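Open the model in your viewer and keep the selection tool at hand. Each stop below says what to pick and what is there.

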Amino acid sequence: MTPWMALAALAGVMFGSLANVLIHRIPRRESIAFPASHCPSCGRDIRWYDNVPLLSWLLLKGRCRYCDARIPLRYPLVELSVGLGWGFLAWLLPPGPELASGLVLFYLLLVLSWIDLETGLLPDVLTYPGMLLGILLSAWQGRLLDAVVGVAAGYAFFWMVAMAFLRLTGREGMGHGDFKLLAMLGAFMGWQALPFIVFVASLTGTVFGGLGLLLSRGKLRSEIPFGPYLAFAGLLWFLAGENLLAWYAALLHSEA
Ligand SMILES: [Zn+2]
């Protein structure tokens, strides 16, 4: 492990701590900055030494120092995920706009997926700034047009699918947050990424969603969050999309 990777991983763990604040407060419409971190159970302020990413959770054995309330496993898990993800990206990519894009994208997708799993929401306060950041980071890579078309195409495509679904079934099949998340992915990776993302997300969503429905014998809520599947497909494209397409093309070619 190079010092550069270690630095990225450490920064990831610190920013993972902020990600936990976003995941907890944004769906509750609480301010991000005020008040200071406090236990939601007893309301006591959390001291800095009880707020050290990863370590404090382990030392406190996952419980509040004052009232013994459980601190969800999500806290160390999110911190660890961002640390590992950022360390991996710093290993994969040289410093530059593509790495910056990967770090921001991974972070936003993790926060959005977690909020979607917990609440079924993909808040605008994350997806709109995400689109803007995606466009800026793409422009830095000389791909401004791809990104702008990506935003428009991503939103429009899901909008049309949702309209068609509504016409056919009389039900809303997809949340508007999904339109905006696909638009955000288009901003980061250009319109070229969208067919792959929609295909992989639909496929994995159908397989795992169906599996979940079977295992829970239909007790699972019928509206399965689609955000995590879009996030997974988006990351897959970011890491390996063009290689996967080339591999698939070669496969078709060899069978013909
Ligand atoms: Zn407490």
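Select helix H1, residues 3-25, and helix H3, residues 74-92. Their axes come within 7 Å and cross at roughly 145°. Axes here are lines fitted to C-alpha atoms, for helices over the stretch in contact, and angles run from 0 to 180 degrees between N-to-C directions. Helices (H or I, at least four residues) and strands (E, at least two) are DSSP runs, numbered from the N terminus.

Stay on this pair. H1 passes H3 in a right-handed crossing. A crossing is right-handed if the near helix is turned clockwise from the far one by less than a right angle, and left-handed if anticlockwise. Now colour the contact of H1 with H3 by residue class: 17 residues are nonpolar, eight polar and two charged. Ala, Val, Leu, Ile, Met, Phe, Trp, Tyr, Cys and Pro count as nonpolar; Asp, Glu, Lys and Arg count as charged; the others, Gly among them, are polar.

A note on the source. This is a predicted model: local features need pLDDT of at least 70, side-chain atom pairs count only at pLDDT 80 or more, and totals for chains, interfaces and linings use all residues. Residues are numbered from 1 along each chain as its sequence is written.

Next, colour by domain. Domain 1 is 1-92 and domain 2 is 97-256, with bounds from an automatic or database domain assignment. Their centres, taken over C-alpha atoms, are 26 Å apart. At the boundary, 13 residues of domain 1 are in contact with 14 residues of domain 2 (C-beta atoms, placed from the backbone, within 7 Å). Which helix gives the most to the side of domain 1 that touches domain 2? H3 does, with seven residues. That side holds 11 nonpolar residues, two polar and no charged.

Go to the loop between H1 and helix H2 (55-59). Pro35 lies there. The peptide bond from Phe34 to Pro35 is cis, with omega near -10°. Leu54 is in the loop between H1 and H2 too. Phi of Leu54 is near 65°, a positive value in a residue other than glycine.

Colour by pLDDT, the predictor's confidence in each residue, from 0 to 100. The chain averages 91, and 96% of the residues score at least 70.

Finally, zoom out. The chain has nine helices and zero strands. Its radius of gyration is 20 Å, close to the 18 Å that the globule rule gives for 256 residues, so the chain is as compact as a globular protein of that length. The radius is taken over C-alpha atoms, and the rule is 2.2 Å times the number of residues to the power 0.38.

Notes:
Contact = placed C-beta atoms within 7 Å.
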